Amino acid sequence: MNFPLVSSWLRKFFNHFSGVLPIPIGTFKTLALVAAALGTLAALPAHAGKTLDGIKARGQVICGTNTGLAGFGAADSAGKWSGLDVDVCRAIAAATLGDAEKVKYVPLNAQQRFTALQSGEVDVLSRNTTFSLTRDASLGLHVTGVTYYDGQGFMVPVKSKIKSAKQLKGQTVCVQSGTTTEKNLTDYSKASGLGIKPVVFEQLEAAENAYFTGRCIAYTTDASGLASTRNKVAKVPADHLILPELISKEPLGPMVRRGDDEWFAIVKWVIHGLLEAEEYGITQANVDSLKTTSQDPVVKRILGTSEDTGKLLGLDKEWMGRAIKATGNYGEIFERNVGPNSALGLPRGVNNLWNKGGLMYAFPVR
């Protein structure tokens with residue numbers, strides 16, 4: 001029910017019909033009390049929701065991530081996790097628990113990831129996962145926001161002399177099962193009349209190893225994943241070429257279970273807050289000083305110095321400021337993990353802000 005709309009309608013009803021319809025004054029008084037109560041309910045802070053209640057009780061956000069995709073979600077030899085998807089989880093933990101380190105990472109392969117979220121094993125799935133109609137409508141999950149716009153590509157050995165995906169006619173291509181990648185490969189092969197021969201593996205590592213040992217002439221996954229694999233697995237990264245064609249649209253981002261709208265809102269608005277922070281120049285380095293010096297109304301709202309947006313999410317007023325302090329804004333997260341100066345060296349491209357020629361457009365934090 002939309003309480004503000006109902007309350008507004010009742011007020012309009014009074015104004016229009018009072019003195020016209022022969023309704024007893026007692027009825028009007030009752031309706032007035034109902035309208036006032038609805039208005040009061042609409043102004044109350046949001047309840048935190050059962051997922052956040054559980055997170056606070058255990059003192060930890062449980063984040064489903066990749067089994068090892070450099071730049072997005074991977075653990076080093078000491079067990080420390082890093083990557084773009086990992087930083088999203090850290091930002092969520094900072095916003096909700098006040099500490100970006102209060103995250104338990106659960107590595108999940110492509111087959112495990114949705115079941116783990118559906119069953120409650122993890123609170124959020126932040127694991128280079130594509131949003132699609134089928135996944136949105138049939139898995140009992142909510143997509144929250146795009147954190148990386150990607151597309152499926154191909155990688156081949158330079159010595160193969162292949163320069164275009166159109167040259168893969170009749171060739172073997174290694175691909176992981178249980179992913180949109182497998183279906184995209186089949187669709188592309190049929191539509192282009194290439195007769196590509198998929199060699200399918202359940203585990204990501206098995207697909208990668210098969211390619212590097214020469215079982216397939218090409219390996220296909222999201223272009224960002226190709227860059228990660230080339231950097232991490234190839235003995236000589238320069239010996240492998242990522243072909244220029246992208247054969248699909250792969251909007252990647254976190255997912256949560258349906259049935260807890262409060263938690264869905266928190267994850268969604270942390271993502272948009274990180275984007276809007278970049279747009280308005282709020283960084284990890286200046287977030288503290290801007291709390292006391294900025295007169296920009298948007299900056300003040302994001303940092304909670306003028307309005308308390310946190311109460312609408314079941315959080316405190318400094319929720320977004322803590323997230324930015326922990327991870328930096330979206331641009332900083334991108335540059336640190338996958339950008340041109342990182343090991344992956346990916347261009348910002350379509351993942352730039354909307355006012356810089358990209359697709360990243362934050363919903364307003366207001």
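Is Cys 174 buried or exposed? Cys 174 has a relative accessible area of 0%, so this residue is buried (under 20% relative accessible area; over 50% is exposed and in between is partly exposed, with a 1.4 Å probe and protein chains only). The structure is a predicted model, in which local features need pLDDT of at least 70 and side-chain atom pairs count only at pLDDT 80 or more, while totals for chains, interfaces and linings use all residues. Residues are numbered from 1 along each chain as its sequence is written, and side-chain values use heavy atoms, with hydrogens and water left out.

Cys 174 is joined to Cys 216 by a disulfide, S to S 1.9 Å (a pair of cysteine sulfur atoms within 2.5 Å). Cys 174 lies in strand β9 (residues 172–176) and Cys 216 in the loop between α8 (204–212) and β11 (218–222), so the bond ties together parts that are 42 residues apart in sequence. Helices (H or I, at least four residues) and strands (E, at least two) are DSSP runs, numbered from the N terminus. The torsion about the S-S bond of this pair is about 80°, so the disulfide is right-handed. Cys 216 also counts as buried, because its relative accessibility is 4%.

The structure holds two disulfides. The other one links Cys 63 and Cys 89, with sulfur atoms 1.9 Å apart. Cys 63 is in strand β1 (residues 61–65) and Cys 89 in helix α4 (residues 84–97), 26 residues apart. This link is right-handed too, with 45° about the S-S bond, and both of its cysteines are buried.

Helix α4 itself is mostly covered, with 13 of its 14 residues buried. Gly 98 follows α4 and has a positive phi, near 85°.

Strand β9 belongs to an open sheet of five strands, ordered β10-β9-β11-β8-β12 with mixed pairing (two strands pair if DSSP finds at least two bridges between them). β10 (197–201) and β12 (240–242) stand at the edges with a single partner strand each, so one side of each has no neighbour in the sheet. Inside the sheet, β8 (residues 152–157) and β11 pair in the antiparallel sense over four bridges. Met 155 stands opposite Tyr 219 in β11.

Two helices can be followed on this sheet. α8 packs on it, touching β8, β9, β10, β11 and β12 (contact means heavy atoms within 4.5 Å). Helix α9 (residues 223–232) also packs on the sheet and touches β8, β11 and β12.

Notes:
Axes are lines fitted to C-alpha atoms, for helices over the stretch in contact, and angles run from 0 to 180 degrees between N-to-C directions.
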